[in-house]
Amino acid sequence: MKSVNYHIDISDVTAHLVTVTLSFTPLSDIHELTLPAWIPGSYMIRDFARNIVSIKATDANGSLLLNQQDKQRWHVHCGKQKVHLTYQVYAYDLSVRAAYIDDEVAVLNPACLCLQVNGLHDLPQQIMLKKPADKRCKDWRVATGLTRIKQTEALAFGHYQADDYQQLIDSPILAGRFELREFAINDVPHYLIVTGDNLTDLDRFSGDLARICQTQVKVFSALPDDLDSYWFLLWVTEDGYGGLEHLNSTLLLCSRNDLPVKGVDAINDSYQQLLALCSHEYFHTWWVKRLKPAVFHQYQLDSEQYTNQLWLYEGFTSYFDDLALVRAGLIDKACYIKTLEKTISRVTRNPSNTAQSLTDSSFNAWTKFYKQDENAPNAVVSYYAKGALLALCLEAELTQAGSSLSALAQQLWQQCRTTGTDDDAVNMLLTKLGYADLASSLTSWLYDAAELPLTSLLPKLGLKLEFRPMQHAEDLGGETDNKTAIFIGALTKNANGLMQISHVYHGSSAHHAGLMVGDQLLAADGKKITSSNWPHLLQRFTQGQDIRLHFYRKDRLLEADLCLKPTKQQVAQLTVCDDAKISAWLAPV
Ligand code: ZN
């Protein structure tokens with residue numbers, strides 16, 4: 001059977017170089033070759049081709065003419081013989097979206113290594129992954145969701161295959177030193193790969209992960225029928241965080257400190273966050289990898305591909321990721337409520353909550369959500385966090401009506417898996433199920449830049465929601481005993497010992513005082529301001545008081561009066577008002 005073949009050689013570990021030889025039998029005189037500009041799941045143009053260092057084309061008769069057409073497209077002039085493209089790629093991007101090589105690990109996303117041969121993209125795509133010659137890699141193994149072929153042993157360098165180009169770029173490869181755990185969910189093997197040597201309790205981690213997977217499967221009743229294995233590829237570094245979903249795997253990045261400590265049973269914040277990340281990416285196995293916006297059924301990888309629906313795919317996933325932790329019994333009710341409080345506060349404290357709609361945030365993810373600047377708290381709402389709160393609103397209404405969000409998700413999965421979803425898919429389904437009023441509410445929650453009716457809806461799930469003014473920059477809600485704390489409505493950072501303003505919230509005291517991003521605060525009422533003494537200094541003033549600020553704006557010394565009135569920025573306080581309701585909602589499904 002015909003195929004496109006990639007020989008991948010990690011040729012220089014120190015220089016972070018991969019040498020790829022792409023071979024195919026030509027079908028015409030000229031073949032076009034392209035590299036994606038972005039990778040599905042991460043909605044930003046990354047121009048992967050910029051890391052191609054050199055490229056040439058040959059066949060058995062010698063060099064072939066290769067003309068570059070644009071930043072990521074080449075034309076090769078072919079003869080009758082097999083064509084070989086040989087190119088080097090620089091791989092040193094410490095993220096889950098591209099490629100990275102050092103002496104411990106190689107993280108290889110085919111999306112940034114494997115040129116697509118247009119016209120042959122539906123053929124099987126084979127990879128021969130060569131074991132690096134570098135002696136530092138002698139005990140490396142390989143983990144990937146790709147299919148092993150040609151007697152390649154499990155976890156070994158050798159031959160792998162994808163059904164087509166689309167599947168190839170949806171299959172990251174992790175090579176290096178790693179530990180492995182295996183568990184089965186509904187008889188399907190699941191693998192947990194963890195790079196490095198981490199002084200952690202992997203059995204406990206793997207057990208926790210299995211409980212999360214089991215809980216997520218229950219939302220949809222069964223695993224996708226085409227899933228015959230699943231890989232959690234966890235790349236552990238000194239400091240890092242992120243994840244990207246794939247068809248039968250996820251590539252995750254975390255800090256070593258996020259992993260559980262041997263002998264410590266409690267789940268701390270960072271381990272909880274890691275479990276929620278795994279939970280999130282696993283939920284995507286159904287929700288965006290298979291059920292997806294109809295427009296994503298044919299990915300357009302050379303430029304932005306717009307959709308209004310990221311609130312559905314990232315928002316619902318964000319709602320179910322934390323929920324699975326409590327339903328699996330890994331965190332308790334109180335911990336889940338605290339987590340929810342933080343999600344609500346992250347949305348409600350930012351003026352962007354009433355400045356940008358969820359559909360607008362989804363559509364413009366490419367240039368806004370993924371390219372946030374100092375004005376983001378005022379202008380960019382998160383389709384993850386607010387999308388999760390919208391899911392929570394739907395959950396409250398559906399629960400009241402005797403149904404649930406899981407039931408709705410399962411119906412959408414069954415009805416739209418093959419066709420994909422249009423912008424009004426959820427509204428149509430709600431109407432069909434007899435929830436026309438809810439469908440109409442959903443339209444305004446999605447298209448209006450307005451607050452969600454959480455306060456009126458949450459009692460339907462047994463929770464009472466109240467808001468209070470934000471009291472300091474890290475304030476994410478909950479009870480406080482520090483009633484006198486003051487937040488001026490500006491976030492700051494340390495710049496050579498001086499306090500520099502990094503963000504100014506619209507409508508805050510800082511805004512009204514005329515403070516701008518970049519201003520360096522020097523003194524408050526004649527007292528020197530430093531990064532370390534600022535919170536203490538603020539506590540010595542009283543709310544409502546005017547203080548005189550001296551500050552630098554670039555090279556000018558300026559002064560202004562700042563009124564320390566309570567901020568408009570709101571954070572959430574949740575209390576249980578109906579134990580039976582909340583227990584039913586958070587109970588194992
Ligand atoms: Zn996601």
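How do the residues of the lining of the largest cavity divide into nonpolar, polar and charged? I took this as the opening entry of my notebook.

**Entry 1: the model.** I noted that this is a predicted model, in which local features need pLDDT of at least 70, side-chain atom pairs count only at pLDDT 80 or more, and totals for chains, interfaces and linings use all residues. Residues are numbered from 1 along each chain as its sequence is written, and side-chain values use heavy atoms, with hydrogens and water left out.

**Entry 2: the cavity.** I looked for cavities, a cavity being a set of points on a 1 Å grid over the protein atoms alone where a 1.4 Å probe fits but cannot get out. The count came to 1 cavity of 30 Å³ or more. I recorded a volume of about 40 Å³ for the largest cavity, a volume being the space filled by probe spheres set on the points, which are joined across faces, edges and corners.

I then listed the lining (residues with an atom within 4 Å of a point): Thr215, Gln216, Val219, Phe320, Leu323, Ala324, Arg327 and Val589. These residues divide into 5 nonpolar, 2 polar and 1 charged. Here Ala, Val, Leu, Ile, Met, Phe, Trp, Tyr, Cys and Pro count as nonpolar, Asp, Glu, Lys and Arg as charged, and the others, Gly among them, as polar.

Helix 2 (202-220) and helix 4 each supply at least two lining residues; helices are DSSP runs of H or I, at least four residues long, and strands are runs of E, at least two, both numbered from the N terminus. The largest share, 4 residues, comes from helix 4. By domain, I found at least three lining residues from each of domain 2 (177-282) and domain 3 (294-462), with bounds from an automatic or database domain assignment.

Entry 3: His280 in helix 3 (residues 269-283) and Glu314 in helix 4 (residues 310-327) are 34 residues apart and link distant parts of the chain.

Entry 4: I traced an open sheet of 4 strands in the order 6-7-3-11, with antiparallel pairing. Two strands pair if DSSP finds at least two bridges between them. The edge strands, strand 6 (66-70) and strand 11 (116-117), each pair on one side only.

Technical notes
1 Å grid on protein atoms, 1.4 Å probe; cavity = no way out; pocket = protein on both sides within 12 Å on 5 of 7 lines; lining within 4 Å.
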